[in-house]
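Subject: Structure for your files

Hello,

Here is the structure I said I would pass on. Please have it open while you read the notes below it.

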Amino acid sequence: MTPADIDHPLLEPGEPLLATFAPDRNRYWRDHGIMAVGLMALAGGVLWLIGSPYPAIGSLGAILAVAVRGLYLAGETFKMRWLLTDRRLILAGGVRSVNLLEIDKARPLLGDVQLITRSGDKYLLKFLADETEVITKITNARDARARNRPA
């Protein structure tokens, strides 16, 4: 079964689904690990600079805070889906979408994909396993839409 064979409630009649993008668990936890290490160093450094006798406790607190944040947001994050059709990109939550012909740029941003529309609106597709593949699929769909646009 290909993505085009899937009947999805967010699609309009006759609108084929080209791809579905979902957050990657490994990417999510790796990003949180990097954030934890960075904040650990920052918290410990600030506490050391101000002369606190407990910079290690601040570092531990930063790691725990990022871990709690990661656990709290994981369920919601892993439910996100971005749907690419031949007409638009349906954003996570399914409430909003971006017409493919409105997308000016699709570029990597710290491992995520940032979309910028012709009007300047920005959207972020987060925690993707392969942002280059996602950018390629979006730009190919946009370019195909531009070639096949009704006159």
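The notes below go from the overall fold to the aromatic rings.

This is a predicted model, in which local features need pLDDT of at least 70 and side-chain atom pairs count only at pLDDT 80 or more, while totals for chains, interfaces and linings use all residues. Residues are numbered from 1 along each chain as its sequence is written, and side-chain values use heavy atoms, with hydrogens and water left out.

Overall fold

The protein has three helices and seven strands; these are DSSP runs, with helices being H or I of at least four residues and strands E of at least two, numbered from the N terminus. Read from the N terminus, the order is β-α-α-β-β-β-β-β-β-α. The protein is more spread out than a compact globule, because its radius of gyration is 20 Å, well over the 15 Å that the globule rule gives for 151 residues. That radius is taken over C-alpha atoms, and the rule is 2.2 Å times the number of residues to the power 0.38. Along the principal axes, the C-alpha atoms fill a box of roughly 70 × 30 × 25 Å.

Of the 151 residues, 34% are buried (buried is under 20% relative accessible area, exposed over 50%, partly exposed in between; 1.4 Å probe, protein chains only). Contacts (heavy atoms within 4.5 Å) between residues at least 6 apart in sequence join residues at least 24 apart in 55% of cases.

Aromatic rings

A search of the whole structure gives three aromatic pairs. Rings of Phe, Tyr and Trp (its six-membered ring) pair if their centres lie within 6.5 Å; planes under 30 degrees apart count as stacked, over 60 as edge-to-face and the rest as tilted.

Tyrosine 28 and tryptophan 29 have ring centres 4.9 Å apart and planes at 85 degrees, so they are edge-to-face. Tyrosine 28 is buried, at 1% relative accessibility, whereas tryptophan 29 is partly exposed at 36%. Tyrosine 28 also pairs edge-to-face with phenylalanine 78, with the ring centres 5.0 Å apart and the planes at 65 degrees. Because tyrosine 28 lies in helix α1 (residues 25-49) and phenylalanine 78 in helix α2 (residues 55-78), this pair ties together parts that are 50 residues apart in sequence. Phenylalanine 78 is buried, at 12% relative accessibility. Tyr28, Trp29, Phe78 and Phe127 form one aromatic cluster.

Regards
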